[in-house]
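Visitor: Hi! Could you walk me through this one while I have it up on my screen?

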Amino acid sequence: MQPDEVALRVLKKYPNRRLYDTQTSSYITLTDVKQMVLSGESFVVRDAKTGEDLTRSILLQIILEEETGGVPMFSTQMLSQIIRFYGHAMQGMMGSYLEKNLQTFTDIQARIAEQSKGLYDPKAMNPELWAQFLQGQAPVVQGLMGNYLEQSKSMFLQMQEQMAKQAETLFPGMAGFVPPKR
């Protein structure tokens, strides 16, 4: 067990593919693990025999179930593009880029939820009020998303320029290391 795992909830995965929650001393399902993710609980999944960290593979299993069970979030084209980055020199940067963009998107979502907090009062909640709120928020959401996408594009172009400059420094005189045109 790692030192930072003291506060983490530890789940053990057994060879029979069952997950055991050491906190509740009971077997759990992927649905239970998904609920832990949704509620923001910190946990780690360990192989019961070797102690190997299996958290990522369990999270990927949950994503696979979600993608095949209903309305998928990822298009075939997007999945193909992600696969193309594996083994590519930009693989590490792409992961960081996607993570930062997802965090920005989550922050925008939290701001919208905060603005709409008053609408969750059951006494004040009615369809007309909700419709008015959404109509009023549509331009705000579009503005936030437009700014977000523009910042994302700008950040990616800056990364490209920095990499081109670094490559030019490392390999002076080699063709092909030209910063992108804006």
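Guide: Happy to. Let's start with a charged pair: the side chains of E41 and R9 meet in a salt bridge, at 2.4 Å from N to O. Please keep in mind that this is a predicted model.

Visitor: Where do E41 and R9 sit in the chain?

Guide: E41 is in the loop between α1 and β4, while R9 is in strand β1. The two are 32 residues apart, and the pair links distant parts of the chain.

Visitor: Is E41 buried or partly exposed?

Guide: E41 counts as partly exposed, because its relative accessibility is 34%. R9 has a relative accessibility of 12% and therefore counts as buried, the cut-off for buried being under 20%.

Visitor: Which residue forms another salt bridge with R9?

Guide: That is D21, with the closest N and O atoms 2.3 Å apart. D21 belongs to strand β2, residues 19-21, and R9 to strand β1, residues 9-13, so to speak of sequence, they are 12 residues apart. D21 is buried, at a relative accessible area of 0%.

Visitor: How many salt bridges does the structure hold?

Guide: Three. One of them joins K34 and E66, whose closest N and O atoms are 2.7 Å apart. K34 lies in helix α1 and E66 in helix α2, so this pair ties together parts that are 32 residues apart in sequence. Both ends are partly exposed: K34 has a relative accessible area of 28%, and E66 has a relative accessibility of 40%.

Visitor: And which residues are joined into one network by shared partners?

Guide: R9, D21 and E41 form that network, through salt bridges that share partners.

Visitor: New topic. What's the overall layout of the chain?

Guide: Starting at the N terminus, the order is β-β-β-α-β-α-α-α-α, which comes to five helices and four strands. The chain has 182 residues, and 20% of them are buried.

Visitor: What share of the contacts is between residues 24 or more positions apart?

Guide: Counting contacts with a separation of 6 or more, residues 24 or more positions apart account for 47%.

Visitor: And what does the surface look like in numbers?

Guide: The chain exposes about 13,800 Å², with carbon and sulfur atoms supplying 58% of that area.

Visitor: Which residues make up the largest nonpolar core?

Guide: There are 11 residues in it: L11, L19, I28, L30, V33, M36, F43, V45, L54, I58 and I62. The largest share, three residues, comes from α1.

Visitor: Zooming in on L30, what does it touch?

Guide: Setting aside residues up to four places away in sequence, L30 touches L19, I58, Q61, I62 and E65.

Visitor: I also noticed E67. Where is it?

Guide: E67 is in helix α2. This residue is buried yet has no salt bridge.

Visitor: What is E67 in contact with, then?

Guide: Apart from its neighbours within four places in sequence, E67 is in contact with P72, M73 and F74. A polar atom of the E67 side chain lies 2.8 Å from the backbone nitrogen of M73.

Methods. Residues numbered from 1 in each chain as written. Predicted model: local features only at pLDDT ≥ 70, side-chain atom pairs only at ≥ 80, totals over all residues. Heavy atoms only, no water. Buried < 20%, exposed > 50% of the residue type's maximum accessible area, 1.4 Å probe, protein only. Contact = heavy atoms within 4.5 Å. Areas by Shrake-Rupley, 256 points an atom, 1.4 Å probe, with all protein chains shown as cover. Core = buried A, V, L, I, M, F, W, Y, C linked by side-chain atoms within 4.5 Å. Lys, Arg positive; Asp, Glu negative; His and termini not counted. Salt bridge = Lys/Arg side-chain N within 4 Å of Asp/Glu carboxyl O. Polar contact = N/O pair within 3.5 Å; in protein donor to acceptor, adjacent residues only side chain to side chain.
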